[in-house]
Amino acid sequence: MKLFIIYFRLFLILIFSSHIFANNNQTLKFFENNVLLGEIKTIQNNQFFSVNDLAKITNSKKFINDQTEKIIFYVDNKKIKVTNDIAFILIEDSLYQLSSKVIKDKNDYYLPIDSFFNIINNLSKDFSAALTSQRISFSTRKITVTPNKKVDLSNEKQKWEFKTIVIDAGHGGKDPGAVGYRGTKEKDIALDVAKRLEKKLSKNLNVKIVMTRDEDIFLRLSERTKIANENNGSLFISIHTNAAEDRRASGFETFLIGPNKNEAAVRVAARENAVLELEGISGQKLTNEDLIKATIAQSAFASKSEQFASMVQGEIKKRVQSKDRGVKQAGFYVLMGASMPNVLVELGIISNPSEEKKLRSPQYRDQLATAIYRAVEQYQKTL
Ligand SMILES: [Zn+2]
């Protein structure tokens, strides 16, 4: 059966004006044909969007339970359940993590825009939402059958889903990360490989690349994920090198977020999370319960993250003489809250003198960057 398919995009572009609300809090009002459609609230530098406005604009049914402080509404026929003062939302039967808690004000509920839009954009092929500094737009794609026109669906879908890659060079500034026998610093190796990867990706793929840092500066772990979410990243790659007590240990491995199952993986996560002490929040140790919550929140991306992680391992293995330590999971703070598929790559064990020597070689680092670039290319083809 031959069907010819065309997309109609219905863009509703809302332009809004702004005025200062109070102190740090700001409300943006947006209009269409001079009719007030809704408001965006900025509270402590986070932008929030009203569920009432969203329901109105998208003609969605909504149900409020004042006792339990929950609101249910629908986007693209998917049931979304929001609870006041909670940073998770339930869509159908899956739990998703927002970048901050839901706020209730009078009879309305407000959601953090960046992570909410990111979640629904990943979830729905037929509905999308975007916010730029000047406007907010929703678009609906309807499929109808008409003769004589043909659209390449696979291309269209890919474009929709894979737009921005976030590269995170681990550590930086006052945090050198692991330091090798000859004084080689993890932060420098990570940044060099990140920059090489950025070049290869921007040269060869039609995607936007965002670097969490492109110089030797200190960045909090939470800031890294925030940058990724705010840029609506489609993939988050955190680049590191490892250290081990056993000087003979060597090899490369790729991590996903998940409950701690393996002692060695827990030690790697503990080392990578140690920067929290420099951030002054070492008291906030991740409990296994936190991890289970984070894992559930990422359930929508888990299989994609795992797929990409094994591609990274495969591509590195093809190119360098080093041990394939495989794909593992543990509680990495930097991956928590990323609203997109995400991995943390340990390029090698810098505390092993012979691996340190390899990592000091620009050719070796270029091979590693090429491997990750090839993994991205391969991953994009599966979307
Ligand atoms: Zn690291």
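Helices (H or I, at least four residues) and strands (E, at least two) are DSSP runs, numbered from the N terminus. The structure is a predicted model, in which local features need pLDDT of at least 70 and side-chain atom pairs count only at pLDDT 80 or more, while totals for chains, interfaces and linings use all residues. Residues are numbered from 1 along each chain as its sequence is written.

The chain has 11 helices and 19 strands. Of its 383 residues, 37% are buried, a residue being buried if 20 or more other C-beta atoms lie within 10 Å of its own, exposed if 12 or fewer, and partly exposed in between, with C-beta atoms placed from the backbone. Among contacts with a separation of 6 or more, 68% join residues 24 or more positions apart; two residues are in contact if their C-beta atoms, placed from the backbone, lie within 7 Å.

Which residues of α11 are buried? They are Y364, R365, L368, A369, A371, I372, Y373, A375, V376 and Y379. An α-helix has 3.6 residues a turn, so residues three or four places apart point the same way. The cover over the buried residues of α11 includes β14 (164-169), α4 (186-204), β16 (235-242), α9 (299-319), β19 (342-349) and α10 (353-359).

One of these elements, α4, can be followed in detail. The axes of α4 and α11 come within 8 Å and cross at roughly 50°; axes are lines fitted to C-alpha atoms, for helices over the stretch in contact, and angles run from 0 to 180 degrees between N-to-C directions. The two helices are therefore oblique to each other (under 35 degrees counts as roughly parallel, over 145 as roughly antiparallel, 65 to 115 as roughly perpendicular and the rest as oblique). On the α4 side the contact is made by I189, D192, V193, R196, L197, K200 and L201, and on the α11 side by R365, D366, L368, A369, T370, I372, Y373 and V376.

Strand β19 holds L344, which counts as buried because 26 C-beta neighbours lie inside 10 Å. Leaving aside neighbours within four places in sequence, L344 is in contact with S238, H240, F255, F332, V334 and L335. L344 and T241 are 103 residues apart in sequence, with their C-alpha atoms 9.9 Å apart in space.

Elsewhere, an open sheet of 5 antiparallel strands has the order β5-β6-β7-β8-β9. Its edge strands, β5 (62-65) and β9 (94-97), each pair on one side only, where pairing requires at least two DSSP bridges between two strands. From one strand to the next the twist averages 25°. Antiparallel strands β6 (residues 70-75) and β7 (residues 78-83) are joined by 6 bridges, and I72 has K81 of β7 as its bridge partner.

Two loop residues have positive phi without being glycine. K106, with phi near 55°, is found in the loop between β10 (103-105) and β11 (108-112), and K106 is exposed, with 6 other C-beta atoms within 10 Å. N232, with phi of about 50°, lies in the loop between α5 (221-230) and β16. Is N232 buried or exposed? N232 is buried, with 22 other C-beta atoms within 10 Å.
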